[in-house]
Amino acid sequence: MSHFSPEDMARQLGQGLLSFPVTHFDAEGAFLEGPYRDHCGWMLDHALTGLFAAGGTGEFFSLSPDEVAQVVGAAVKETNGRIPVISGCGYGTTIATGIARDAEKAGADGLLLLPPYLMHAKQEGLAAHIEAVCRATGLGVIVYNRDNAIVNDETLARLCDRNPNLIGFKDGVGDIELMTRIYARMGDRLTYIGGLPTAETFATPYLTMGVTTYSSAIFNFMPDWALRFYAAVRAGDQAFVMDQLRNFVLPYIALRDQGRGYAVSIVKAGMRIIGRDAGPVRSPLTDLSAEEEAQLRILIERAAA
């Protein structure tokens with residue numbers, strides 16, 4: 001049973017920082033529920049307003065639908081209604097609606113609808129896909145605009161008119177004109193979430209377009225730093241934000257870009273460095289090399305100092 005209505009969840013998410021816990025695997029790639037729940041609990045020792053279980057950083061793309069429900073259920077048990085738990089959701093419409101229903105049974109409060117598998121589609125097709133997920137569940141739905149699933153402001157407005165549980169829009173495109181059109185048209189009808197990779201990079205300019213929050217992957221291994229950075233963004237402390245961009249975020253991105261698919265791998269490396277090993281990434285992703293992990297350790301230690 002969900003602890004938050006779609007409207008309550010939307011309000012909660014927009015008030016503070018969000019994060020995606022990594023998903024813990026053993027050496028053979030099996031999900032480790034105990035360590036995962038322990039990590040979720042550790043994250044909740046810090047000020048967090050929403051937890052995205054089995055999301056992108058949680059390797060949703062490598063989980064079976066049954067595993068998604070298992071991961072989400074573990075997060076729900078650990079959070080115990082303290083903050084909303086939003087489940088990853090995606091693939092084709094049939095699988096996505098099944099994941100949505102299973103997430104609701106597992107006690108999730110909402111869904112983050114990732115792009116459907118591989119296909120490019122017209123606006124009408126994307127709208128039908130999103131609407132099918134909204135109607136499959138009473139949970140609040142957040143549309144993730146990125147890659148092969150980019151809805152425009154007109155499509156989004158029509159979907160919002162027909163689906164009251166469509167409560168959020170996460171932008172992973174970086175099209176400022178489109179984001180401006182969406183915010184100008186939809187206003188407070190939606191909660192807006194920054195979703196570009198390493199969202200801290202874009203947090204300040206997006207704030208002026210109504211994007212009051214973002215999901216921080218870095219929170220997994222540097223929660224105090226992530227919260228301090230978010231507070232500086234919201235307070236307009238541009239000197240601190242630029243200092244941290246220069247000295248941590250941009251070097252971190254440069255390291256992330258040394259390998260394809262490193263967006264998740266670098267977070268799990270950060271977990272190992274702070275002594276909270278979450279295991280390897282699942283193939284086809286690969287972990288950082290020992291040399292790359294040593295470079296990350298230097299960045300983390302410098303930021304901590």
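Predicted model: local features only at pLDDT ≥ 70, side-chain atom pairs only at ≥ 80, totals over all residues.
Me: Which residue stands opposite Thr213 of β8?
Reply: Strand β7, which covers residues 191-194, runs parallel to β8 and is joined to it by two bridges. The residue opposite Thr213 is Ile193.

Me: Is Thr49 buried or exposed?
Reply: Thr49 lies in the loop between α2 and β2, and, apart from its neighbours within four places in sequence, it is in contact with Gln12, Leu13, Gln15, Gly16, Leu17, Leu18, Ile83 and Pro84. Its relative accessible area is 13%, and the limit for a buried residue is under 20%. Thr49 is therefore buried.

Me: How are α11 and α12 oriented to each other?
Reply: Two packed helices are described by the angle between their axes and the distance between the axes. The axes of α11, residues 262-273, and α12, residues 290-304, come within 10 Å and cross at roughly 65°, and the crossing is right-handed. Angles of 65 to 115 degrees count as roughly perpendicular, and α11 and α12 are therefore roughly perpendicular.

Me: How many nonpolar residues does the contact of α11 with α12 have?
Reply: On the α11 side the contact is made by Tyr262, Ile266, Ala269, Gly270, Arg272 and Ile273, which meet Glu292, Glu293, Leu296, Arg297 and Ile300 of α12. By class, one residue of this contact is polar and four are charged, while the number of nonpolar residues is six.

Me: Which residues are joined by a cis peptide bond?
Reply: Most residues other than glycine have a negative phi, and most peptide bonds are trans. In this model a bond with omega of about 15° is cis, and its proline, Pro284, has its place in the loop between α11 and α12. The residues joined by this bond are Ser283 and Pro284.

Me: Is Asn80 buried or exposed?
Reply: Asn80, in the loop between α3 and β3, has a phi near 50°, which is a positive value in a residue other than glycine. Its relative accessible area is 58%, and the limit for an exposed residue is over 50%. Asn80 is therefore exposed.

Me: Is Thr198 buried or exposed?
Reply: Thr198, in the loop between β7 and α8, is a residue other than glycine whose phi has a positive value, near 50°. With a relative accessibility of 14%, Thr198 counts as buried.

Me: How many Å apart in space are Ala305 and Trp225, C-alpha to C-alpha?
Reply: Ala305 belongs to the segment after α12 and, at 87% relative accessibility, counts as exposed. Ala305 and Trp225 are 80 residues apart in sequence, and their C-alpha to C-alpha separation in space is 11 Å.

Definitions and conventions:
Residues numbered from 1 in each chain as written. Heavy atoms only, no water. Helix = DSSP H or I, 4+ residues; strand = E, 2+ residues; numbered from the N terminus. Buried < 20%, exposed > 50% of the residue type's maximum accessible area, 1.4 Å probe, protein only. Contact = heavy atoms within 4.5 Å. Axes fitted to C-alpha atoms, helices over the stretch in contact; angles between N-to-C directions. Parallel < 35°, antiparallel > 145°, perpendicular 65-115°, else oblique. Left-handed = near helix turned anticlockwise from the far one by under 90°. Nonpolar A, V, L, I, M, F, W, Y, C, P; charged D, E, K, R; others polar. Pairing = 2+ DSSP bridges.
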